[in-house]
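Please read this briefing alongside the sequence and the coordinates, which are displayed just below.

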Amino acid sequence: MSEIPILSSRGLVKRFGGFTALNGIDFDLGAGERVGLIGPNGSGKSTFVNCLTGALRPEEGSVAFSGADITGMAAWKRAHAGLARSFQIPRPFRGLTVRQNIGVPLAFIRGLTDQTELDARSDDILGKVGLRDKAGFSPKSLSQVDLRKLELGRALAAQPRVLIADEAMAGLSDSEVDEILDLLIELNKSGIGIILIEHIMRAVIRFSQRIVVFVAGAKIADGDPREVMQHPEVVRAYLGQ
Ligand code: ADP
Ligand code: MG
């Protein structure tokens, strides 16, 4: 990577009481890059995401966005700066329509106030995630895959430069996984750097330009997908699961 990474961490340590969930993570995401982050359950992937997005404060180490230190920056400011994530379990506002769910981040993160503009921008984003025809629906009536799309739409509304998708495909069928993957790859084409955290290896391999592996709070591999998947420690971590 010749340019400054869009997102990076150095020596990131996160402890919960006496337990070390992250033990000194160095990580770089290039602008517009697609990176897969894998590792057994409990290896620290979501904790890492939480430290990157500001939901958690690391005990040691630093996080930088576009070359600027953001280690102590509030989560909402990181969202304004262009760092977005989707959650493992979709959390739509159940009392609002699908369109209004997109309107919330447009209003609060991007500062739009005009209702006509809000609706137009919301529908534009719903078109990108394939939910345009469900704009007036309640999230309660959406299928699992559509809820995942809505979750991505809400992240997109913030106009992110980086999107972190933490297990955005859990519980989906093979064809639904492909739908979400196609969507993520399409978003990446518009220049958004993406970190995909996923257990479905077929999806990770198809998506990733680079794969990073966590085991027990440490990064044990980082590189070309094919080479990483043959790394003895990765094979052991996965067969030993
Ligand atoms: P992953 O996403 O890779 O499955 P997590 O980052 O969710 O792993 O969890 C890493 C470890 O940290 C687990 O052992 C988990 O129980 C622990 N952990 C995560 N969040 C907390 C928390 N808020 N308090 C205490 N322990 C936590
Ligand atoms: Mg997790």
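The model is a predicted one, and the values given are computed from it. The residues around ligand 1 include F16, F19 and A21 together with K45, S46 and T47, while the strands are arranged in an open sheet of 4 strands and an open sheet of 6 strands.

**Ligand 1 and its shell**

- The shell around ligand 1 consists of F16, F19, A21, P40, N41, G42, S43, G44, K45, S46 and T47, and by class these residues divide into 4 nonpolar, 6 polar and 1 charged.
- Oxygen atoms of ligand 1 are approached by a backbone N or O atom of G42 at 2.8 Å, by a backbone N or O atom of G44 at 3.0 Å, and by a polar side-chain atom of K45 at 2.8 Å.
- On its own, ligand 1 has 560 Å² of accessible area, of which the protein covers 57%.
- Two or more residues of the shell are given by each of the elements β2 (19-29) and α1 (45-53), and α1 supplies the largest share, with 3 residues.

- Strand β1 (residues 7-16) and strand β4 (residues 60-65) run antiparallel and are joined by 5 bridges, with S8 standing opposite A64 in β4.
- Helix α1 packs on this sheet, where it touches β1, β2 and β4, and its direction makes about 120° with that of β1.

**The sheet of 6 strands**

- The strand order here is β6-β7-β8-β3-β9-β10, and the pairing is mixed.
- At the edges stand β6 (83-86) and β10 (218-223), each of which has a single partner strand, so one side of each is left without a neighbour in the sheet.
- Direction ignored, neighbouring strands of this sheet are turned against each other by 15° on average.
- Strand β3 (residues 34-38) runs parallel to strand β9 (residues 210-215), to which 4 bridges join it, and G36 stands opposite I211 in β9.
- Helix α1 packs on this sheet as well, touching β3, β6, β7 (162-166), β8 (193-197) and β9, with its direction at about 150° to that of β6.
- Helix α5 (residues 144-156) also packs on the sheet, touching β6 and β7, and its direction makes about 170° with that of β6.

Conventions
Residues are numbered from 1 along each chain as its sequence is written. Chains are lettered from A and ligands numbered from 1 in the order in which they are written. This is a predicted model: local features need pLDDT of at least 70, side-chain atom pairs count only at pLDDT 80 or more; totals for chains, interfaces and linings use all residues. Side-chain values use heavy atoms; hydrogens and water are left out. A residue is near a molecule or strand if one of its heavy atoms lies within 4 Å of it. A polar contact is a pair of N or O atoms within 3.5 Å; within protein, one must be able to donate a hydrogen and the other to accept it, and residues adjacent in sequence count only if both atoms are side-chain atoms. Accessible areas come from the Shrake-Rupley method with a 1.4 Å probe; for residues, only the protein chains shown count as cover. Ala, Val, Leu, Ile, Met, Phe, Trp, Tyr, Cys and Pro count as nonpolar, Asp, Glu, Lys and Arg as charged, and the others, Gly among them, as polar. Two strands pair if DSSP finds at least two bridges between them. Contact means heavy atoms within 4.5 Å. Axes are lines fitted to C-alpha atoms, for helices over the stretch in contact, and angles run from 0 to 180 degrees between N-to-C directions.
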